[in-house]
Amino acid sequence: MTGVHQVAGAAATAAYHASIARAEEGADGTVRHGLRPEIGDGTIEVTPLPSGFHLVRYDVAFAGGHRLRYAFPGDHFELEHCVEGRLHISEADTGTGELCAGAVALSPRCATDGAVEHRDGERYRAVSVTGSWSGLETYLADRGAGGLPATGPEQLARARYLAGSSALHQVARPLEEIFVHRRSSPGRPLYLESRLAAAFAALVDGLTAGATAARTRDIGLAEHEVAALRRVPDLLWRRRHTPPTSAELARASSMSVRRLTTGFRALYGASVREFHRRRCLDRAAALLVETDWPVSRIAHEVGYASAGNFGYAFRRDRGITPARFRRAHT
């Protein structure tokens, strides 16, 4: 049976964590909430930062499913990146959607009232930044970034909240780096703050550039075409060892190759191949930190034909070899 809980603000969130997990505080202030066996398996780690924001790292699988109701005031800020799995979102005014692997969701600048739901036993890995919109404005102003760009019309805020906006695509990278970083060292707080700054820089740039809704409308994408394009990343991942051609992807999506490539870039802010390449390398980075698998096995897992090809691609993308990346983050 799906467990149902409710939160409304920081105090209620702390009570919620206490009801489902046992807490252990680390030397850097990180509180590691280990799920109780009857609730499920995994952890929720909360790290407070000097900037006033909190980093929350999810690696959980709930037994019997899990439903969390929430109600937050208009100043509540949350930016969440799903690394693996999916999270169903149902919000009273905004609608419903799913936060899936690779996607980023941004809370709207208004009061929210809804629920999120985990499926029975499905592993969910994600990282979120929580705080306040007013705190974000102060943070940006103190660092010379100027004012926060307008969040735009209601429909654009809705798309971002339900993880349907390519404006947030570039935010995923620094948040992913926060998720995979497990090294305990004196420099860890500085590293986390640096990645937080990078995430906010990408957020500001994304909001300035505009959102998916405007771009897809400009090229006249219909709803069924958007739905078909959203299936492409999962198709590529399933076929990562024998990648489909553009023509095969187009046939599977009932679109022309030109329509597919143009529409995908409008939706995700990158070409089909670039988006998939980054997803594979991001997954490889997580595996380097979370497992002791040899590099050759990780290379195969993310779709590379050889460890050499993988090493070259990883070094070109991250500026560091897989082995050095592993040593730096574990």
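Let's start with L79, which, leaving aside its neighbours within four places in sequence, is in contact (heavy atoms within 4.5 Å) with V104, A105, L106, V127, S128, V129, V171, L175 and L203. This is a predicted model, where local features need pLDDT of at least 70 and side-chain atom pairs count only at pLDDT 80 or more, while totals for chains, interfaces and linings use all residues. Residues are numbered from 1 along each chain as its sequence is written, and side-chain values use heavy atoms, with hydrogens and water left out.

L79 belongs to the largest nonpolar core, which has 48 residues. By core I mean a set of buried Ala, Val, Leu, Ile, Met, Phe, Trp, Tyr and Cys residues joined through side-chain atoms within 4.5 Å. Buried is under 20% relative accessible area, exposed is over 50%, and partly exposed is in between, with a 1.4 Å probe and protein chains only. F77, L79, V129, L136, F200, L203 and F310 have the most contacts inside that core. There is also a second, separate core of 26 residues, and V46, Y124, Y161 and A163 are included in it.

Two of those names take us to helix α3. Helices here are DSSP runs of H or I, at least four residues, numbered from the N terminus. In α3, residues 154-161, the buried residues include L156, A157, A159, R160 and Y161. After α3 comes A163, with a positive phi near 60°.

Now, how do α10 and α13 pack? Helix α10 (residues 272-290) and helix α13 (residues 322-329) meet at an angle of about 55°, and their axes are 9 Å apart. The axes are lines fitted to C-alpha atoms over the stretch in contact, and angles run from 0 to 180 degrees between N-to-C directions. So α10 is oblique to α13; under 35 degrees would be roughly parallel, over 145 roughly antiparallel, 65 to 115 roughly perpendicular, and the rest is oblique. On the α10 side the contact is made by A285, L287, L288 and V289, and on the α13 side by P322, F325, R326 and H329. By class, that gives six nonpolar, one polar and one charged residues. Nonpolar covers Ala, Val, Leu, Ile, Met, Phe, Trp, Tyr, Cys and Pro; charged is Asp, Glu, Lys and Arg; the others, Gly among them, are polar.

Finally, two loop residues. S254 sits in the loop between α8 (246-252) and α9 (257-268), and has a positive phi of about 55° although it is not a glycine. S254 counts as exposed because its relative accessibility is 69%. P294 lies in the loop between α10 and α11 (295-301), and at 46% relative accessibility P294 is partly exposed.
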